Each structure stands twice: as C-alpha cells, then as structure tokens.
Amino acid sequence: MFDLAQELELSSTPGDAGAEILVGPSGQFVYGSSRGSGVVLVYSLKEDDTLVKVQEYNLSGTWPRSMAIRDSLMAVADQYGESVQVLNIDPVTGMLNTDNMDHNVFAAPPGPSFVGFMD
C-alpha cells in the first residue's frame, strides 16, 4: 500500500483532465499537462521533495495528448487541434515561454497522439 505524498491540482479550470507528467532535464522541475482548457503546469521540486506550482501555461490548443522535452525545448501535441506547439524552457526558472520564436505552432496529421525528438 502506498501513502499519498502530495496532492496537486490539475489546473485552475474545473473539469480539466490530467494527462502527461514529465521531469525536466535538470530534475528540478516537473511538467504536467491538463486537457480541457489546454495548459501545462510547471512545478518546482523543493529540497523537502514537495512540488510547488510556479506557472500555468495556456497552450494554443485544448487537448494536449503528448509532450516531449529535449534540452531547453518542449513540444506538445494537441490531439483535437491537429497541431504541435514548441515552447522554450527557461533553465533557471523552469518556466515556459515563446521568446524569440516567430512561429511556434505547427500543423500535424489528424489526431496526433505522440510527439518526440529525434537525434
């Protein structure tokens, strides 16, 4: 039997459904997507192993199906919007942004269910 270590909200929008959880490259930040309103929540991992929400990033779509992280980039596939959104990850704060991006939403085949980075 497992004990619940910590309970966190999926998003600030009632009725959203949690989706994917990823740990960032540094191990200091955790990213969780929420379907319905279409957000990625950014949590900072504290020294006592608790998570504290530092950002709720509104995506261009509403149904994040898959996320991938590579270095300082995050890609999020929007299943219903048939697109992939690319975001910058600030290495110090862990927060997401689109700074220095002219275009960060790209068309995808119908109903994308996975996104990843290739070498």
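**Close-up views of a predicted model**

View 1. Glutamate 56 is partly exposed, as its relative accessible area is 22% (buried is under 20%, exposed over 50%, and partly exposed in between, with a 1.4 Å probe and protein chains only). This is a predicted model, in which local features need pLDDT of at least 70 and side-chain atom pairs count only at pLDDT 80 or more, while totals for chains, interfaces and linings use all residues. Residues are numbered from 1 along each chain as its sequence is written, and side-chain values use heavy atoms, with hydrogens and water left out. Glutamate 56 meets lysine 53 in a salt bridge at 3.1 Å, N to O (a side-chain nitrogen of Lys or Arg within 4 Å of a carboxyl oxygen of Asp or Glu).

**View 2. A network around lysine 53.** Glu9, Lys53 and Glu56 are joined in a network of salt bridges. Between glutamate 9 and lysine 53, the closest N and O atoms are 2.5 Å apart. This pair links distant parts of the chain, 44 residues apart: glutamate 9 sits in the segment before S1 and lysine 53 in strand S4 (strands are DSSP runs of E, at least two residues, numbered from the N terminus). Glutamate 9 counts as partly exposed at 42% relative accessibility, and lysine 53 counts as partly exposed at 32%.

**View 3. Aspartate 119 with arginine 70.** Three salt bridges turn up in a search of the whole structure, and one of them pairs the side chains of aspartate 119 and arginine 70 at 2.8 Å, N to O. Aspartate 119 lies in the segment after strand S9 (105-107) and arginine 70 in strand S5 (residues 64-70), so the pair ties together parts 49 residues apart in sequence. Aspartate 119 is exposed, at 89% relative accessibility, whereas arginine 70 is partly exposed at 31%.

**View 4. The largest pocket.** Its volume is about 210 Å³ (the space filled by probe spheres set on grid points joined across faces, edges and corners; a pocket is an open set of points on a 1 Å grid over the protein atoms alone, where a 1.4 Å probe fits, with protein on both sides within 12 Å along at least five of seven lines, and lining residues have an atom within 4 Å of a point). Of the 15 lining residues, Glu9, Leu10, Ile21, Gly32 and Tyr43 are the closest to the centre. Strands S1 (17-23), S2 (29-35) and S3 (39-45) each supply at least two lining residues, and S2 gives the most, with five.

Conventions: Helix = DSSP H or I, 4+ residues; strand = E, 2+ residues; numbered from the N terminus.
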